[in-house]
Amino acid sequence: WQATGWRAWADAETRLDRWPEACRIMADHAPKPALPVIAPSAEKVPRAELEQAAAANTGDLLPAFRLFQARREDGDLPGALAALRPVTARPDAPAYFHYLQARTAGEAGLWREAWEAWARYADARGDGR
């Protein structure tokens, strides 16, 4: 039943205020998305340059993704989440941004934010309740 009822199970956990458990269920059962593959450059792009590109190109999601990656690689979870939030607030945000937000918020212990991102990810994929 877990293979087919994981979303309902996770929803039930949230009604009991068991946010970490609900997020664990989603992380264990929600299919993982394909993520953009960015060829590594010979030089590390300075973070200030990535921040400027993400702020200047709000319609282009690649700079936000690259900024998220850079901050994540530096272990800056709050910064990584800050790079994702403007994108995930958009109604046309690709599902994989919600996935990244869910994973990162969970690692940061921000369970309510993680759950909300998991729910948006599942809804965008059509993994209904």
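**Entry 1. Helices α5 and α6**

How are α5 and α6 oriented to each other, roughly parallel or roughly antiparallel? I looked at the two axes, which come within 10 Å and cross at roughly 150 degrees. α5 and α6 are therefore roughly antiparallel to each other. I noted the cut-offs: angles under 35 degrees count as roughly parallel, over 145 as roughly antiparallel, 65 to 115 as roughly perpendicular, and the rest as oblique. The axes are lines fitted to C-alpha atoms, for helices over the stretch in contact, and the angles run from 0 to 180 degrees between N-to-C directions.

The model is predicted, so local features need pLDDT of at least 70 and side-chain atom pairs count only at pLDDT 80 or more, while totals for chains, interfaces and linings use all residues. Residues are numbered from 1 along each chain as its sequence is written, and side-chain values use heavy atoms, with hydrogens and water left out. Helices (H or I, at least four residues) and strands (E, at least two) are DSSP runs, numbered from the N terminus.

I checked the hand of this pair, and the crossing of α5 and α6 is left-handed. Left-handed is the word if the near helix is turned anticlockwise from the far one by less than a right angle, and right-handed if clockwise. On the α5 side, I found Leu 77, Ala 80, Leu 81, Leu 84, Arg 85, Val 87 and Thr 88 in the contact. On the α6 side, the contact is made by Phe 97, His 98, Leu 100, Gln 101, Thr 104, Ala 105 and Glu 107. Contact means heavy atoms within 4.5 Å. I sorted the residues of the contact of α5 with α6 into eight nonpolar, four polar and two charged. For that sorting, Ala, Val, Leu, Ile, Met, Phe, Trp, Tyr, Cys and Pro count as nonpolar, Asp, Glu, Lys and Arg as charged, and the others, Gly among them, as polar.

**Entry 2. Helices α6 and α7**

I went on to helix α6 (residues 95-107) and α7, which pack at an angle of about 155 degrees with their axes 8 Å apart. That makes α6 roughly antiparallel to α7. I noted a left-handed crossing for α6 and α7. Residues of α6 that meet α7 include Ala 95, His 98, Tyr 99 and Gln 101. Among the residues of α7 that meet α6 are Trp 111, Glu 113, Ala 114 and Trp 118. The contact of α6 with α7 divides into 10 nonpolar, three polar and three charged residues.

**Entry 3. Salt bridges**

How many salt bridges are there? I got a count of 12, where a salt bridge is a side-chain nitrogen of Lys or Arg within 4 Å of a carboxyl oxygen of Asp or Glu.

I looked up the pair Arg 7 and Asp 123, whose side chains meet in a salt bridge at 3.0 Å, N to O. Arg 7 lies in helix α1 (residues 2-15) and Asp 123 in helix α7 (residues 111-125), so the pair ties together parts that are 116 residues apart in sequence. Arg 7 counts as buried at 3% relative accessibility, whereas Asp 123 counts as partly exposed at 43%. Buried means under 20% relative accessible area, exposed over 50%, and partly exposed in between (1.4 Å probe, protein chains only).

Next came Asp 74 and Arg 47, a salt bridge with the closest N and O atoms 2.7 Å apart. Asp 74 lies in the loop between α4 (61-73) and α5 (77-88) and Arg 47 in helix α3 (residues 47-56), so this pair ties together parts that are 27 residues apart in sequence. I found Asp 74 partly exposed at 43% and Arg 47 partly exposed at 26%.

Arg 85 forms a salt bridge with Glu 113, and the closest N and O atoms are 2.8 Å apart. Arg 85 is in helix α5 and Glu 113 in helix α7, so the pair ties together parts that are 28 residues apart in sequence. Arg 85 is partly exposed at 35%, and Glu 113 is buried at 18%.

**Entry 4. Two loop residues**

Where is Asp 76? I found Asp 76 in the loop between α4 and α5, partly exposed at 24%. Leaving aside neighbours within four places in sequence, Asp 76 is in contact with Arg 47 and Arg 71.

Asp 17 lies in the loop between α1 and α2 (19-29) and is exposed at 57%. I noted its phi near 60 degrees, a positive value in a residue other than glycine.
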